[in-house]
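Subject: Structure handover

Hello,

Please find the structure below, followed by notes on what was found in it. Please keep both together when you pass them on.

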Amino acid sequence: MDKKPFLIISNLFTLISLAIVSFASSAVSNKSIPTPAYNYKHIVHFGLLRDSVGLETNAHAISSPQSNQYQDYLTTGQTAQKFGSSSQNIQQVVNYLESIAAKNIEIHPSKISISAEFNTAQMQQHLCVDSSKKPTQKTCTPESLAPYIKEIVLNYFLLSDPSNEEKNNITTTAKLQSIINKPTCDEAKNLQSDNVFLPKQMMTAFGIDQLHQQGFKGQGMRAAILLSEVIPSRADNDTYRDCFSITADYRELTETPYGLPLSNNIEAQIDIQTILSIAPEIEELTFIGTGVIVGGGDQVWLLSKATNPVNFQHGLPQVISISQGSRESDNSADEISLAESYAQLVAVTGSTLIAASGDFGYLNQNFTPALGAVYPASSPWTTSVGGIEAQLNNQDQITSVAVWQKTNNDGSGGGPSSIFKRPNWQKGLGAFPGEQRLTPDIAYIASNSYIYFNGGHWLTNGGTSASAPFFAGAISLVNQQLISKNKKPLGALNPLLYQLANSYLYDDIFYSVTQGTSNIHGDLDPNIGGACYGYNQATGLGAVKINRLIEQLN
């Protein structure tokens, strides 16, 4: 399959400022729609005055294997009590919102933020935002709120479907093609080749099959997928589940029912089908999506939903997978600040946050203009997943690995953050200049090696949108095995991964990637995307051998 389906954009989306990036197929979507023609639902997040330093310090202690607080996880309520805003502060903000007749006022149970729905007049009168113009994160802070809040983040949700005609046409076409072609499970298996692998082959290659053999298939585990703008196809995902004998299903939590045109929608199927293929009996897989959102703030909305226990049937997800990102510079300071508090909340409550590093090479140079490192993959609280290519033998064992790159096209994203300092656990990685956080942390197969069902067809695809949920599915099984031994789930992974990598165990646990480069100019210098033994800015520490990781954890 051509890996550019998301670049087929409807008339509306030719108007879009291309900034948020989905990493399935070099997919691009919008941060802003410069037109007043659409009706928005405005959600405003007020980051409350809280003990941010205490929360961050506790997250570090809980995540560090050297700490006596390691894996001493808190509940959401305990986190609220220790680090959340005071009842007096919260009441002041609620009183204000009620006084201006804001709707749907919600206090996050962590007491990190309050959200509310504003109409157009309230946006302009109280936040100085004219939402009839280009959506923006630039606001004024109401004087009476200033003593009680730290951040203001805006969400603009499209309330009408801008691509309904195209969607209907695509849906009709897909249905007709399905009737004519009658896709069968054999067609999926027939796609298998030296470079295209069935799910079982992928799991064998990285030692995940051994967990299946022991009966660990995700029972009792919970995971969440966070995505902007795309909406899953129930029919496509059910076909995939039937063909690969997957008993688990998924739930949807979306703000609006509107997504990108269906031609652009494979991102949702990639994430769902990848996790289900690895954890076919997972207890709860929740797809959390914004619908069409413009103007930014999407990661704040997504993380606020993913950290709220009320949104889940069986408890918070132990693993959260994100396959999208945007330029760090495209996120306001308030967006980053509030999203980071949520990412720290993920850590202190014992969940693992995983994100795709990008599909456009070193510093995502292949995107115009270059993205640099992308957020949220650049967050120190996120395990950033890059891409590799791999060759398998007849026993589905890995014989070689290299940086995933297509000539002058897609490639594993990575490089230094422009925002975050290098964490202590990432220091001592070699002669990488600067003091910035480096990405990615690890990598898995991202070439067009995955088989998916989308739009009534069996297709092959890849990208870091595949490698990130692949790792998320694997960690779900690792957690299940640990819990069966009366141990705790892994939580924030990076300190543990780097501790193992900096020990004599590196070669036993990681596939080191020493071939290739993610640099658009083909430069092999490890400082700018070239592969090298140990850590590099194309594939991080390399690919984790899941069976070997389990052995060390036990």
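Apart from its neighbours within four places in sequence, E281 is in contact (heavy atoms within 4.5 Å) with K217, G218, Q219, T247 and A248. This is a predicted model, in which local features need pLDDT of at least 70 and side-chain atom pairs count only at pLDDT 80 or more, while totals for chains, interfaces and linings use all residues. Residues are numbered from 1 along each chain as its sequence is written, and side-chain values use heavy atoms, with hydrogens and water left out.

E281 sits in the loop between α10 and β9 (284–289). Helices here are DSSP runs of H or I with at least four residues, strands are runs of E with at least two, and both are numbered from the N terminus. The relative accessibility of E281 is 31%, so E281 counts as partly exposed. For that scale, buried means under 20% relative accessible area, exposed means over 50%, and partly exposed lies in between, with a 1.4 Å probe and protein chains only. The side chains of E281 and Q219 are joined by a polar contact of 3.2 Å. A polar contact is a pair of N or O atoms within 3.5 Å; within protein, one must be able to donate a hydrogen and the other to accept it, and residues adjacent in sequence count only if both atoms are side-chain atoms. E281 and S245 are 36 residues apart along the chain, and their C-alpha atoms are separated by 10.0 Å.

E328 counts as buried because its relative accessibility is 3%. Its side chain makes polar contacts with two serine side chains: S417 at 2.7 Å and S418 at 2.6 Å. E328 and S417 are 89 residues apart in sequence, yet 7.9 Å apart in space, C-alpha to C-alpha. Leaving out residues up to four places away in sequence, E328 touches A373, V374, Y375, S378, S417, S418, I419 and F420.

On the annotated positions, the unreviewed UniProt entry lists E267, D271 and S465 under "active site". They are spread over 199 residues of sequence but cluster in space, with a largest C-alpha distance of 7.3 Å. UniProt positions are given in the numbering used here, feature names are shortened, and annotations may be inferred rather than shown by experiment. E267 lies in helix α10 (residues 266–278) and is buried, at a relative accessible area of 0%. S465 belongs to helix α13 (residues 464–484) and is buried too, at 0% relative accessibility. The S465 side chain reaches the backbone oxygen of S323 at 3.2 Å.

Helix α13 also matters for the next item. The largest nonpolar core has 87 residues, and those with the most contacts inside it are F206, Y444, F471, F510 and V544. α13 gives the most to this core, with 10 residues. A nonpolar core is a set of buried Ala, Val, Leu, Ile, Met, Phe, Trp, Tyr and Cys residues joined through side-chain atoms within 4.5 Å. Not counting residues up to four places away in sequence, V544 touches F206, I442, Y444, F471, L497, I509, F510 and L549. A second, separate core of 43 residues includes I43, V300, L303 and I320.

L497, one of the V544 contacts, is among the buried residues of α14. That helix (residues 494–501) is mostly covered, with seven of its eight residues buried.

There is also an open sheet of five strands, in the order β4-β5-β3-β6-β10, with antiparallel pairing. β4 (103–107) and β10 (293–294) are at the edges with a single partner strand each, so one side of each has no neighbour in the sheet. Two strands pair if DSSP finds at least two bridges between them. β6 (residues 149–158) and β10 pair over two bridges, and F157 stands opposite I293 in β10.

Last, the confidence figures. The chain has a mean pLDDT of 87, and 86% of its residues reach 70 or more; pLDDT is the predictor's confidence in each residue, from 0 to 100. Residues 1–18 have pLDDT below 50, and this stretch has 61 contacts in the model beyond near neighbours in sequence. Residues 165–180 are also below 50, with 20 such contacts.

Regards
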